Amino acid sequence: MQIPFPQFIGAHIRRREDPNLVTGRGRFVADFRLKDTLHMAVARSPYGHAKILRIDKSRSEKIPGVLGVLTASEINSLVHESMPVVSGVLVGDYDNLVIPEQRPLQSDKVRYFGDPVAIVLAESPYISADALEQLYVEYEPLSVTSSSRPDSNRPVEPLHEESSDNSAFSWNVSAGDAAKNFANSDVTVELPIKIQRLIPGAMEPRAVLARYTDNQFTIWSSTQVPHGLRDSLASILKVSRKKIRVIAPEVGGGFGAKSNIYPEEVLVPLMARQFGRPVRWVASRSEDYQSTSHGRDQQSLIRLAATSEGKITAVDLEVVADCGAYHARCTPCVAPFTGMMISGVYDIPNGRAQVKGVFTNKSPMEPYRGAGRPEAAYMIERGVDVVAKKLGMDPAELRRRNFIQPDQFPFKSLFGLYYDSGDYEKALQKALQLVDYSELRRKQRLARENDSRLIGIGISTYVEICGFGPWESGAVRVMPDGKVTVLTGSSPQGQGHETTWAQICAEVLQVPMEDVDVKHGDTAIVQRGIGTFGSRSVPVGASAVHESSEIVRQGAREIAANLMEAAPADIILEKGAFQVVGSPQSSLNWEQIVSAAYAEGADPSWRELLTADLDYKPKGETYPFGVHICIVEINSDTGQVEIVRFLTVDDCGHVINPLLAQGQVHGGLAQGIGQALYEEAVYAADGTLTTGTLLDYAIPKAHQLPSYETHRTETPTPLNPLGAKGIGEAATIGSTPATVNAVVDALSHLGITHIDTPLTPEKVWRAIQATQT
Ligand code: MCN
């Protein structure tokens, strides 16, 4: 067997990004200092819903150092389009999709706590903050819609003229005959579930800096989608794309929320043009919490029908998704994913999903790590546990009886998605063995009998959809000095693409990894791209780099063949050297190839052979999967949940860098467990965000999380050359249901069947108390 050399793909390699980041040398938007910069501050609504009656700027304008106070009347005429909204579903169809007009500043009324109404530009951030305090906005409060479930006793106060009942869209899909199966099945279960609103907790709050010189915008933004921002700005400002350069420097986390295009990203460049000076806006933490899009927020009802042998025959799902006050860029796409993925890892023949989006007086809801799929996995995995309980069957066994089998792939799912590959039984088997499941159950039984300790074991088996197209760009060029430049359209926020992409290119070309320079996040350098979200970067972006690298390798073979007077087909690349098959004594290394290609008088086509630049179009989405097992112990006096053990077996196909993939799993687990136990964005009845700071919004601290045991199986996808699926969201998706299932399992003998997240000590304690009265 030939051992590939050097072997980078699959190797544990530390992130090349980290030395700069951990020594404080990473440059985020707020670290860029431009001479004569003006500082923008944004006046935001202190009401959830109100008419704007009057804005008095006079006192703000008089403050020395204030250059301008602008409201919608001055701004909106410079803006030619509403803020962008993308809608699209893979299956099913929207009904009555309402996309209300949204301008960067509100003129007539505000619709959520934090809705922008005016901006101040001043010589320093302190002066702009002072001027904000002196700005007087007179509001007439309106009644607030803060729940997605309409209160039938109260008249609806429409947020937008376009929708008198605040309906944002509905999306429906069905397959087989669910109604018949519910009528005729041995058992049915029904579970209302509320999934709370979450605030994506990126370490770096949003920030924008812009300069306008020589009719050209340069914009630094903490965005996940620099090209999307460039293209949206071109439409909104009616400016040619070539006049706009967007740079996403280091981005300190995004988790989906930075894939939106925000009003500040329009306002800052506009003001840079207006004032002829650079303009900068950096959100404070609380401003970020108010104005950056939130995630989740669904109220649902899941019903399952099953036979007495534990075969699930039908699923029925109703979802009311709280969209917040406007559609952010991808709001309409999120909740339909919940419907599409509701059958999870199971071969369920009949089903129906009805999803309704509703406008409420809250910050817009956008994709947040998992975007619709965590909600689906959570609901089906809770439902399956309830079926198991009702049948008196072990939850692992019930899952096993319903899994899609390995020989069924590619599998057309209940609602018509094509699952590429999977072996769910193998992952479950591995997880159960690793935790010693039967021994755990034995200990649980003993604890219940002997010492009344509340021990719970929660299982979740999930599948998710990722690797969305339609394409991503990837270019590879061997430079005259022999180094290799990789350009990628994906634009990371902490995922480690520079390391990962360098591994792929270095392995294909058989060059040292340090010779590969990966560039991203600057539209002047990488002109085409879609960005980083939906765990698409490895399956799509890295595949583009892989394909480009292969083309360059092939090009180099042709040059070598020419120089060695051999047929290209006879040239192989072995241990970093090109040689004729069977004659390893005469070979050419990369330096010789490069020198020949760039030599004076060399055939110009040879340089072209060392360059590839393409858009990789995936053949379909990929479906990573896995099993999470959580073991908890609950203090019955306080309701406090302690995670004693958390074990994962994730499968994202071939893994490019196990260390980084594991890092992704760790981060995802923190967020999924955070959803299960701690986090919730709470709006008061008057529409005020009461969890608007890090003190009030409970991101889990390190001591609240266990030491994770992470494992994997590898089931490659046939859909891309790397055999790789995404891993960026998987752990967020699997961990919430495992944790909640564990807590409910610990309490099930008391008659508790469900508690809505977050499972705070108070909620758990109250649920226990309720069983004792
Ligand atoms: N990887 C691998 N082998 C695979 C798949 C992934 O080695 N088969 C590793 C690679 O090192 C790759 C990383 O995992 O760089 C993530 O790859 P992928 O799963 O393709 O996900 P993306 O790069 O497209 O990242 C997006 C995903 C999403 S949707 C959210 S939300 C999220 C996440 O990644 N937000 C993050 N992870 C985050 N991590 C950080 N630090 N910050 C965020 O904001």
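Visitor: Which residue is the bridge partner of Asp-650 in S29?
Guide: Arg-712 is the bridge partner of Asp-650 there. This is a predicted model, where local features need pLDDT of at least 70, side-chain atom pairs count only at pLDDT 80 or more, and totals for chains, interfaces and linings use all residues. Residues are numbered from 1 along each chain as its sequence is written, and side-chain values use heavy atoms, leaving out hydrogens and water.

Visitor: How do S28 and S29 pair?
Guide: Strand S28 (residues 641-651) pairs with S29 in the parallel sense, over 4 bridges. Strands are DSSP runs of E, at least two residues, and helices are runs of H or I, at least four, numbered from the N terminus. Two strands pair if DSSP finds at least two bridges between them.

Visitor: Which salt bridge does Arg-645 form?
Guide: Arg-645 forms one with Glu-709, their closest N and O atoms being 2.8 Å apart. A salt bridge is a side-chain nitrogen of Lys or Arg within 4 Å of a carboxyl oxygen of Asp or Glu. Arg-645 lies in strand S28 and Glu-709 in strand S29, so the pair ties together parts 64 residues apart in sequence.

Visitor: How many salt bridges does the structure hold?
Guide: The structure holds 40.

Visitor: New topic. Is Asp-322 buried or exposed?
Guide: Asp-322 is buried, with a relative accessible area of 0%. Buried means under 20% relative accessible area, exposed over 50%, partly exposed in between (1.4 Å probe, protein chains only).

Visitor: And where is Asp-322?
Guide: Asp-322 sits in strand S15 (residues 312-324).
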